[in-house]
Amino acid sequence: MKKTVLITGASGGIGAELCRFFIKHNYTVIGIYFSDYTSIQNLSYELGNDFHYYKCNLSDFESTHKLISDITKDELHLDILINNAGISFVGLLQELTKNDWDTLWNTNVTSMISLSKEIIPIFLKNGAGKIVNISSVWGNCGASCEVAYSASKSGINGFTKALAKELAPSNVQVNAIACGVIDTSMNDQLTSEERKALEEEIPAGRYGTPKEIAQMVWNIVHAPEYMTGQIIGVDGG
């Protein structure tokens with residue numbers, strides 16, 4: 001039986017590439033999206049019958065519970081969870097509104113907690129499972145003008161390490177990728193001058209690609225089971 005991977009934020013740049021990568025490697029893929037129906041539908045046309053998609057507000061615990069119930073009713077097996085959904089906030093901390101913060105935290109952190117909470121019992125029943133969380137280098141070192149975003153990614157890193165310890169006795173591995181600057185629409189607000197300046201600060205001299213993140217997720221999923229609780233940097237140095 002094919003293994004199945006559930007990927008959140010499937011309509012975005014990294015999420016869509018993750019879906020493509022796992023389909024290419026003969027997995028059944030479940031993509032979760034929140035608002036961009038056009039992109040997820042186009043991705044479905046591209047990937048075919050082994051790709052399934054569901055709409056869900058993952059920051060709402062009841063909606064997440066219903067999602068997993070629906071997936072189970074559709075007789076879809078779950079082996080791997082990739083918590084990829086995320087948004088950014090660029091600006092000074094004093095410019096942050098309560099709504100900005102609530103949306104950022106719920107999208108980046110609460111969604112991971114609510115979905116992991118629902119999937120863990122399935123992994124425990126299976127006697128195995130993999131969780132990969134998409135984080136950021138700013139979660140390790142922080143970034144000026146991205147204070148709230150950095151805080152949310154630090155939260156993801158702490159969540160990853162703590163949950164890894166909790167699930168290690170049950171043969172469920174939890175790891176995260178601390179992404180550097182990846183060439184996705186999240187960086188569309190940058191001017192050409194800002195983009196060039198940022199590229200010059202990266203030792204590799206360029207942005208990373210969604211495909212490179214997908215490759216690292218694949219490597220983590222197929223790493224030895226003894227590897228858990230790690231925050232792995234993919235940042236061009």
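1. Tyrosine 37 counts as partly exposed because its relative accessibility is 39%, the classes being buried under 20% relative accessible area, exposed over 50% and partly exposed in between, with a 1.4 Å probe and protein chains only. Tyrosine 33, at 9% relative accessibility, counts as buried.

2. This is a predicted model, in which local features need pLDDT of at least 70 and side-chain atom pairs count only at pLDDT 80 or more, whereas totals for chains, interfaces and linings use all residues. Residues are numbered from 1 along each chain as its sequence is written, and side-chain values use heavy atoms, with hydrogens and water left out.

3. A search of the whole structure gives 10 aromatic pairs, a pair being rings of Phe, Tyr and Trp (its six-membered ring) with centres within 6.5 Å, stacked if the planes are under 30 degrees apart, edge-to-face if over 60 and tilted otherwise. Tyrosine 27 and tryptophan 218 form an edge-to-face pair, at 5.6 Å centre to centre and 75 degrees between the planes. Both tyrosine 27 and tryptophan 218 are buried. The rings of tyrosine 33 and tyrosine 37 have centres 6.3 Å apart and planes at 45 degrees, so this pair is tilted.

4. Phe21, Phe22, Tyr27 and Trp218 form one aromatic cluster.

5. Glutamate 17 counts as buried, at 19% relative accessibility. Leaving aside neighbours within four places in sequence, glutamate 17 is in contact (heavy atoms within 4.5 Å) with Pro210, Lys211 and Ala214.

6. Leucine 6 is buried, with a relative accessible area of 0%, and its C-alpha atom is separated by 9.7 Å from that of histidine 77, 71 residues apart along the chain.
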